[in-house]
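Please read them with the coordinates open beside you.

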Amino acid sequence: MAEGGGSGERPVDRPDDTGKPIGRRVVLSILALGAAGIVTGRSVSDALAKVAQHDPTGLLNILPFGDNFRYYSVTGSVPVANPTTYRLAVTGLVETEQHYSLTDLAALPQTDIVADFQCVTGWRVPDVPWSGIRLSTILAASRVKPQAKALRFVSFDGTYTESLTLDQAANPDMIVALRMLNGPVTHDHGGPVRLYAAPMYGYKSIKWLSEIQLVDRVEPGYWEGFGYAIDGWVGASNGRNDAPTT
C-alpha cells in the first residue's frame with residue numbers, strides 16, 4: 001500500500017507453501033518488466049513496486065526498483081482520510097490538547113528538508129524533498145507537562161504505532177510532513193499527514209498519522225515488536241555513517 005516506512009519496511013507476510021506453480025513464461029515476463037524498469041525509469045518501476053504488494057509469488061521483490069519507494073502496508077488496506085474532516089490530535093501529558101485540521105497545519109510555520117529515505121532492509125531513496133511542521137513546534141503549542149518523557153504516534157490504519165523520546169523529538173529534522181516529492185503526501189505514501197523522522201530508518205516515520213500522545217515512558221511501536229531497534233538511527237549496517245544532528 002505505501003512505501004516502506006510505513007507502514008513499514010517489511011513485506012506483507014505470505015504463506016510458505018500456498019499458491020499455484022509459476023511457469024517459465026511468467027518468470028521471463030516478470031524479468032522483462034524488471035528490465036523495462038531499468039531502461040525506462042521511475043514510471044515502470046513505481047508501477048512494479050505497487051504490483052509487488054499483491055504478488056503471491058514473491059518474485060517481484062527480487063526486481064531492481066531503482067531509487068524508488070517500495071509499497072507496503074501492515075494491515076492490507078487503509079481507509080482514505082477525508083481532507084475536510086481529518087484531524088491530527090495532540091493528547092496525553094500536555095497542558096492544551098490540540099486537534100489540527102489540514103488547514104490548521106498548513107497555517108503553521110513550514111520547514112523544508114531534502115534528505116534520504118533509508119529502509120532498514122537496505123533500500124534507499126536519495127534526496128527526497130519533504131515539507132511540514134517541526135515536531136518541536138507542535139509540542140510547544142501544546143505545552144508539554146514535566147512528567148512527559150516520550151511520544152507515542154498512532155496511525156489511523158488501526159495498527160501502526162511508533163515512538164520517540166522527547167530529546168529525539170527536539171531534533172530539527174523531525175517533521176510532521178504535509179508534502180513530499182514536491183506535492184502533498186499521497187495516501188499511498190501515508191497521507192494526508194505522516195511523520196518524517198531523520199536520520200532514522202523509515203519505519204520510524206509513521207504513516208497515516210492521526211494522533212501524537214505525550215506519555216511518561218517510551219512505548220515500543222509496531223515494528224519494534226518484530227525486533228527492530230527502538231532507537232532507529234541510520235547506521236553503518238547499511239553503509240551509512242549518519243549520526244543524530246542533536
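1. Trp-223 is buried, with a relative accessible area of 1%, where buried means under 20% relative accessible area, exposed means over 50% and partly exposed lies in between, computed with a 1.4 Å probe on protein chains only. Trp-223 and Phe-226 form a tilted aromatic pair, with 5.6 Å centre to centre and 45° between the planes. Phe-226 itself is partly exposed, at a relative accessible area of 38%.

2. Before going further, please keep in mind that this is a predicted model, in which local features need pLDDT of at least 70 and side-chain atom pairs count only at pLDDT 80 or more, while totals for chains, interfaces and linings use all residues. Residues are numbered from 1 along each chain as its sequence is written, and side-chain values use heavy atoms, with hydrogens and water left out.

3. On the aromatic residues, rings of Phe, Tyr and Trp (the six-membered ring for Trp) are taken to pair if their centres lie within 6.5 Å, with planes under 30 degrees apart counted as stacked, over 60 as edge-to-face and the rest as tilted. By this rule there are nine aromatic pairs. One of them joins Tyr-222 and Trp-223 edge-to-face, at 5.0 Å centre to centre and with 85° between the planes. Ring pairs also link Tyr-203, Tyr-222, Trp-223, Phe-226 and Tyr-228 into a cluster.

4. How many salt bridges does a search of the whole structure find? The search finds four, a salt bridge being a side-chain nitrogen of Lys or Arg within 4 Å of a carboxyl oxygen of Asp or Glu. Lys-204 forms a salt bridge with Glu-162, and the closest N and O atoms are 2.8 Å apart. This pair links distant parts of the chain, since Lys-204 sits in the loop between S11 and S12 and Glu-162 in strand S8, 42 residues apart. Lys-204 is buried, with a relative accessible area of 0%, and Glu-162 also counts as buried, at 0% relative accessibility. Glu-162, Lys-204 and Glu-224 are linked in a network of salt bridges.

5. Another salt bridge joins the side chains of Arg-152 and Glu-219 (3.3 Å, N to O). Here too distant parts of the chain are linked, with Arg-152 in strand S7 and Glu-219 in the segment after S12, 67 residues apart. Arg-152 is partly exposed, with a relative accessible area of 22%, and Glu-219 counts as partly exposed at 26% relative accessibility. Arg-217 forms a salt bridge with Asp-216, the closest N and O atoms being 3.0 Å apart; Arg-217 counts as exposed at 52% relative accessibility, whereas Asp-216 is partly exposed, with a relative accessible area of 43%.

6. Turning to the strands, helices (H or I, at least four residues) and strands (E, at least two) are DSSP runs numbered from the N terminus, and two strands pair if DSSP finds at least two bridges between them. Five strands form an open sheet of mixed pairing, in the order S4-S3-S12-S7-S8. Strand S4 (98-100) and strand S8 (161-165) stand at the edges with a single partner strand each, so one side of each is left without a neighbour in the sheet. The twist averages 20° from one strand to the next, where axes are lines fitted to C-alpha atoms, for helices over the stretch in contact, and angles run from 0 to 180 degrees between N-to-C directions.

7. Within that sheet, strand S7 (residues 150-155) and strand S12 (residues 209-215) run antiparallel and are joined by six bridges. Ala-150 stands opposite Val-215 in S12. Helix H4 (residues 135-142) lies across strand S3 (88-92), S4, S7, S8 and S12, running at about 135° to S4, with contact meaning heavy atoms within 4.5 Å.

8. Strand S9 (residues 174-180) and S11 pair in the antiparallel sense over four bridges, and Ile-175 stands opposite Tyr-196 in S11. Which way do the side chains of S11 point? From strand S11 (residues 194-197), Arg-194 and Tyr-196 point one way and Leu-195 and Ala-197 the other way, and all are buried.

9. A last point concerns Asn-171, which is found in the loop between helix H5 (166-169) and S9 and counts as buried, at 1% relative accessibility. The C-alpha atoms of Asn-171 and Pro-199 are separated by 9.4 Å, with the two residues 28 residues apart along the chain.
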